[in-house]
Amino acid sequence: MLLSIYLYSVISFSGLIVLLSAGLMIAERFLVNYGTCKLDINAGEKPLEVEGGQTLLSSLYANEIFIPSACGGKGSCGHCKITVVSGGGPVLPTELSYLNRKEIRSGVRLACQVKIREDIYIKIPEDFLNVKLFSAVLESSKTLTHDIKEIRMKLIDPPEITQRPGQYVQIQAPSPDGPVFRAYSISSAVYEKNNVELVVRLVPDGIGSTYLHNLKEGDPVVFTGPYGEFILNEDPSVEIICVGGGCGMAPMKNIIYTIYDKWPERTCWLFFGCRTTQDIFYLERFKELEKKHPNFHVVYALSDQLQPGEKWDGETGFVHLAVDKCLEPNVARQAFLCGPPLMIEAVTRVLEEKGIPRDDIFYDEF
């Protein structure tokens, strides 16, 4: 009896809290008028004037400032981090799981959780001010493996893109809760101004990958970009090390073809990890590039045991073992890694042992 009364009380109290929260949200939406507020970005000469009461993320998007966000502003991805200098109010409980102590002390917030209720001053990377909204159409969809496709899009508006090798775009995909964005690295080289190519693995029940895998030639596509912090060293005497696995091939292909368009004699290594021979793609293409450029070295490694009758004359074992085997220590190098966290961790240890400073190792986990 007492237990039933206790449970009833807890449920009633929880319901009351939910009703009060909903009531406060409705009251704020319809009764509170914050008026026009100023949004100052990077101490600009002319702050934006925005409607108070909406989220910072919504205000930025309305003014065509597209910072990364994958969840549609629901506070569930943690990608829309910006620095709020003043006017953002206290950090909300919904933000705490995405921010570390250093970020909180520095004023880092999730833009989708910050409500504009007064004049607000924020700082964002200058690169974000160059991000654009692109409309395109699917030019081709090519099967690379049983679960990976090469998706190639022709740009419509604007008709050209300017990117750095290793950057990514955010594809807008439909979902039951409205449009969401999913990030995919650009695999086409920087000199391909009129097209954007992606390498996309089909994730079971994945909103973005299912959408992209089902596109037909001529279908419209919308995305924002480019984003990303990969910065290629322009000194041709510095060797470039590319290590990827699965759809982590995308930024590697971009980097490699960009390099050999600009520096035909530059030294570059590609290490690519696959589980089986069924997961191999682009190998013949890179072998042809290797013939044209003697300082380009291609190493594929298979982690699973070969099946009876399978033929393979390349490396075996995890890809970090191939990196350790092939690279001499203490050479001026810069490295780019893209793949699962365990691969990134293992390869990073090897590269540091080879004398590459951590600041010269760029990575993207998925």
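Are W269 and F271 buried or exposed? I looked up both residues and found that W269 and F271 are buried (under 20% relative accessible area, with exposed over 50% and partly exposed in between, using a 1.4 Å probe and protein chains only).

**Basis of the entries.** I note that this is a predicted model, in which local features need pLDDT of at least 70 and side-chain atom pairs count only at pLDDT 80 or more, while totals for chains, interfaces and linings use all residues. Residues are numbered from 1 along each chain as its sequence is written, and side-chain values use heavy atoms, with hydrogens and water left out.

**Aromatic rings.** I searched the whole structure and recorded 16 aromatic pairs. W269 and F271 form one that is stacked, at 5.6 Å centre to centre with 0° between the planes. For such a pair, the ring centres of Phe, Tyr or Trp (its six-membered ring) lie within 6.5 Å; planes under 30 degrees apart count as stacked, over 60 as edge-to-face and the rest as tilted. I also found one aromatic cluster, made of Y257, Y260, F272, F281, Y282, F286, F296 and Y300.

**Charges over rings.** I looked next for a charge over a ring (NZ of Lys or CZ of Arg within 6 Å of the ring centre and within 35 degrees of the ring normal). R285 has its charged end over the ring of Y282, 5.5 Å from the centre. R266 lies over the face of W263, at 4.6 Å from the ring centre.

**Strand β16.** Helices (H or I, at least four residues) and strands (E, at least two) are DSSP runs, numbered from the N terminus. I examined strand β16 (residues 333–339) and found seven of its seven residues buried. In a regular strand the side chains alternate between the two faces of the sheet. In β16, R333, A335, L337 and G339 point one way, and Q334, F336 and C338 point the other way.

Which strands pair with β16? Strand β12 (residues 239–245) runs parallel to β16 and is joined to it by six bridges; strand β17 (residues 361–365) is also parallel to β16, with five bridges. Two strands pair if DSSP finds at least two bridges between them. I noted V243 as the bridge partner of L337, and I361 in β17 as the residue opposite A335.

**Helix α9.** I followed the chain through β16, helix α9 (residues 341–353) and β17, which make a right-handed β-α-β unit. Right-handed means that, with the strands pointing away from the viewer, the path from the first strand over the helix to the second runs clockwise. The buried residues of α9 are M343, I344, A346, V347, T348, V350 and L351. Their cover includes β12, α8 (319–326), β16 and β17, by contact (heavy atoms within 4.5 Å). After α9 comes G355, with a positive phi near 100°.

**Helix α6.** How many of the 14 residues of α6 are buried? I recorded twelve, among them M249, Y257 and Y260. The 14 residues of α6 (residues 249–262) should span 20 Å at 1.5 Å a residue, and the end C-alpha atoms are 20 Å apart, which agrees. The expected span is 1.5 Å times one less than the number of residues.

**Residue G52.** I located G52 in the loop between β2 (48–51) and α2 (56–62). G52 counts as buried because its relative accessibility is 12%. Not counting residues up to four places away in sequence, G52 touches Y34, G35, C37 and I116.
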